Amino acid sequence: MKTDSTRPLIAPSLLAADFARLGEEVRAVEQAGADWLHLDIMDGHFVPNITFGPLVVKALRQHTSLPMDAHLMIAPADPYIVAFAEAGADHISVHPEAGPHLHRTLQLIRSLGKKAGVVLNPATPIEAVVNVLDITDIIMVMTVNPGFGGQAFLASQLSKIAALRQLIDDSGRDIVLQVDGGVTAKTAPQILAAGATCLIAGTAVYGAPDYAPAIQALRTPPPPRPQLTEAG
Ligand code: DX5
Ligand code: ZN
């Protein structure tokens with residue numbers, strides 16, 4: 001899963017799609033150039049919102065060949081991991097706060113042949129992942145509090161992204177550094193500069209009239225504005 005900040009992976013989040021047309025919405029972002037499909041699974045308990053479960057993931061599997069990136073915002077997560085794996089999720093990411101044994105959870109995900117991810121809430125320190133790097137494929141930094149799309153990007157998390165970049169580089173491991181929440185064409189350049197290699201975007205893709213340019217705008221941030229110079 002080697003990635004490169006000069007060509008970041010873009011993972012549209014279905015949370016901002018039209019839920020009455022999910023299959024069509026999935027096909028549309030695949031055609032528009034998405035790299036992964038991000039699926040936000042919420043239980044109304046770990047986070048104050050409810051979305052969908054393995055049955056919907058399984059139904060969507062028929063509509064795309066993109067890697068399906070399941071972000072579990074459910075507690076406990078362990079009893080449902082096999083169901084999401086069997087439904088066709090390719091990556092399964094969990095919050096350390098969602099269970100007592102993060103190492104065991106990651107082992108379980110890996111044992112099912114899936115990529116294992118750890119998600120850090122804004123208040124969760126990087127130490128939560130330091131001792132499980134050897135069984136982690138993805139680290140996701142939340143740049144909003146999980147539960148809802150369309151929230152404002154928390155710039156306070158940029159230093160965490162940079163610290164994780166350093167940690168991953170020092171480890172020499174092949175770990176994708178994802179950022180989730182408030183990602184837009186405006187915030188993407190600073191996120192990529194901090195070292196992220198995968199951008200998750202709900203509103204910035206599904207809220208746009210045309211998905212392909214919206215995805216491209218995240219991948220290739222617009223050049224800086226020309227400096228105003230003195231006339232003459
Ligand atoms: C929030 C979810 C995000 C959400 C991001 O809990 O994890 O994936 O869809 O939405 P935007 O991109 O609108 O901030
Ligand atoms: Zn998410």
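An oxygen atom of ligand 1 is placed 2.6 Å from an N or O atom in the side chain of Asp180, a polar contact in the sense of a pair of N or O atoms within 3.5 Å. The model is predicted, so that local features need pLDDT of at least 70 and side-chain atom pairs count only at pLDDT 80 or more, whereas totals for chains, interfaces and linings use all residues. Residues are numbered from 1 along each chain as its sequence is written, chains are lettered from A and ligands numbered from 1 in the order in which they are written, and side-chain values use heavy atoms, with hydrogens and water left out.

**Ligand shell**

- Around ligand 1 there are 20 residues, of which the closest are Ser13, Gly147, Asp180, Gly202 and Thr203, where a residue counts if one of its heavy atoms lies within 4 Å.
- This shell divides into eight nonpolar, 10 polar and two charged residues, with Gly counted as polar.
- Strands E2 (37-42), E3 (68-73) and E8 (198-201) each supply at least two residues of the shell, and E2 gives the most, with three residues; strands (at least two residues) and helices (at least four) are DSSP runs.

- Taken alone, ligand 1 exposes 380 Å², and the protein buries 99% of that, with areas from the Shrake-Rupley method and a 1.4 Å probe.

**Largest pocket**

- Ligand 1 takes up the space of the largest pocket, in that more than half of its atoms lie within 2 Å of the grid points.
- A pocket is an open set of points on a 1 Å grid over the protein atoms alone, where a 1.4 Å probe fits, with protein on both sides within 12 Å along at least five of seven lines.
- The largest pocket has a volume of about 290 Å³, taken as the space filled by probe spheres set on the points.
- Of its 28 lining residues, those closest to the centre are Gly149, Gly150, Gly181, Gly182 and Gly202, where lining means an atom within 4 Å of a point.

Technical notes: A polar contact is a pair of N or O atoms within 3.5 Å; within protein, one must be able to donate a hydrogen and the other to accept it, and residues adjacent in sequence count only if both atoms are side-chain atoms.
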